[in-house]
Amino acid sequence: MKANYRLGAVGGFEIFLHWTFSTMMVGLFGYYLITHGSVFVAIQALTFIAAVFGSVILHELGHAFMARRFGIPTLDITMYPIGGVARLERMPTEPRQELLIAVAGPAVNIAIGIGLLMLGTMSGWTLSNGFLAQNSGLIENVMKANFFLAVFNLIPAFPMDGGRVLRALLAMKMRYKSATTVASFVGQGIAGLFFLFGLAQLNIVLMFIGMFVFVGARQEALVVSQTHT
Ligand SMILES: [Zn+2]
């Protein structure tokens, strides 16, 4: 925990920036400064990234507050360069609780997205300005990022929230362990498609996501097979 920077606490939930996250922000600032030769551009770019990660923190808080409703404490929320993690003290055993906790995160992003869309529309900002163009461009991009976060997280594959949603829905009909096996299988299939699609398009990011999801989907099945009978 030492290398992690404590950002603050919201509603009693401790929020940390992992040291790799802080390093990434400094690195990105340097990158924009060098490639654009402008402190202003670098600050604008970092503002966008900070706004997106702020949205991710709110997403994690959505999980944490919903878990608290079911009496499950959250140990902490930590931000990594690839996203945030709310560490729950334990996983809910009731499928309905897991479903609501999983959905709470993406629901926050949808709410933020709709809020920003209304803000942009009401204030008459054109939503076509490019990234870094002006403030309306920033709002538009943060709005899009939030809708993307909601959709991406709802992909029905572990370790995404959508994987938990799928498992919870299945667990209402079958045993928890079987539900996990099926959800893990679906997740690995989706991960495989991501990877193949990425390979066909020579898209490294998609291929990386595919591998990341594949490992996560397998791991969830392993953990559950060890802890559940
Ligand atoms: Zn989430």
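Helices (H or I, at least four residues) and strands (E, at least two) are DSSP runs, numbered from the N terminus. Two strands count as paired if DSSP finds at least two bridges between them.

Good morning. Before I continue, two remarks on the source. Residues are numbered from 1 along each chain as its sequence is written. The model is predicted: local features need pLDDT of at least 70, side-chain atom pairs count only at pLDDT 80 or more, and totals for chains, interfaces and linings use all residues.

Let me return to the sheet. In general, strands of a sheet pair through backbone hydrogen bonds, either parallel or antiparallel. Here, four strands form an open sheet in the order β1-β2-β3-β4, with mixed pairing. At the edges stand β1 and β4 (83-88), each with a single partner strand, so one side of each has no neighbour in the sheet. On average, neighbouring strands are turned by 20° against each other, direction ignored; for such angles, axes are lines fitted to C-alpha atoms, for helices over the stretch in contact, and the angles run from 0 to 180 degrees between N-to-C directions. Helix α1 (residues 19-36) packs on this sheet, where it touches β1, β2 and β3, and its direction makes about 30° with that of β3. Two residues are in contact if their C-beta atoms, placed from the backbone, lie within 7 Å.

Next, the individual pairings. Strand β1 (residues 5-10) is joined to β2 by five bridges, and the two run antiparallel. Tyr5 has Leu17 of β2 as its bridge partner, while Arg6 is bridged to Phe16 in β2. Leu17 also has a bridge partner in β3, namely Met79. Together β1 and β2 form a hairpin with two residues between them, and Gly11 in the turn has a positive phi of about 60°.

How many of the five residues of β2 are buried? Four of them are, and strand β2 (residues 13-17) is thus mostly covered. A residue is buried if 20 or more other C-beta atoms lie within 10 Å of its own, exposed if 12 or fewer, and partly exposed in between, with C-beta atoms placed from the backbone.

Why is α5 described as largely enclosed by the rest of the structure? Because nine of its eleven residues are buried; among them are Arg164, Ala168 and Ala171. Glu98, in helix α3 (residues 95-122), counts as buried because it has 22 C-beta neighbours inside 10 Å. Leaving aside neighbours within four places in sequence, Glu98 is in contact with Pro92, Arg164 and Ala168. The C-alpha atoms of Glu98 and Ala171 are separated by 9.9 Å, although these residues are 73 apart along the chain.

Two loops deserve a word. A cis peptide bond, with omega about 0°, joins Phe158 and Pro159; Pro159 lies in the loop between α4 (135-153) and α5 (161-171). Leu202, in the loop between α6 (176-201) and α7 (204-227), has a positive phi of about 55° although it is not a glycine. Leu202 is exposed, because 8 other C-beta atoms lie within 10 Å.

Finally, confidence. pLDDT is the predictor's confidence in each residue, from 0 to 100. The protein chain averages a pLDDT of 86, and 92% of the residues score at least 70. Among its elements, α5 has the highest mean pLDDT (94) and α7 the lowest (83). Over residues 129-134, pLDDT stays under 50. Thank you.
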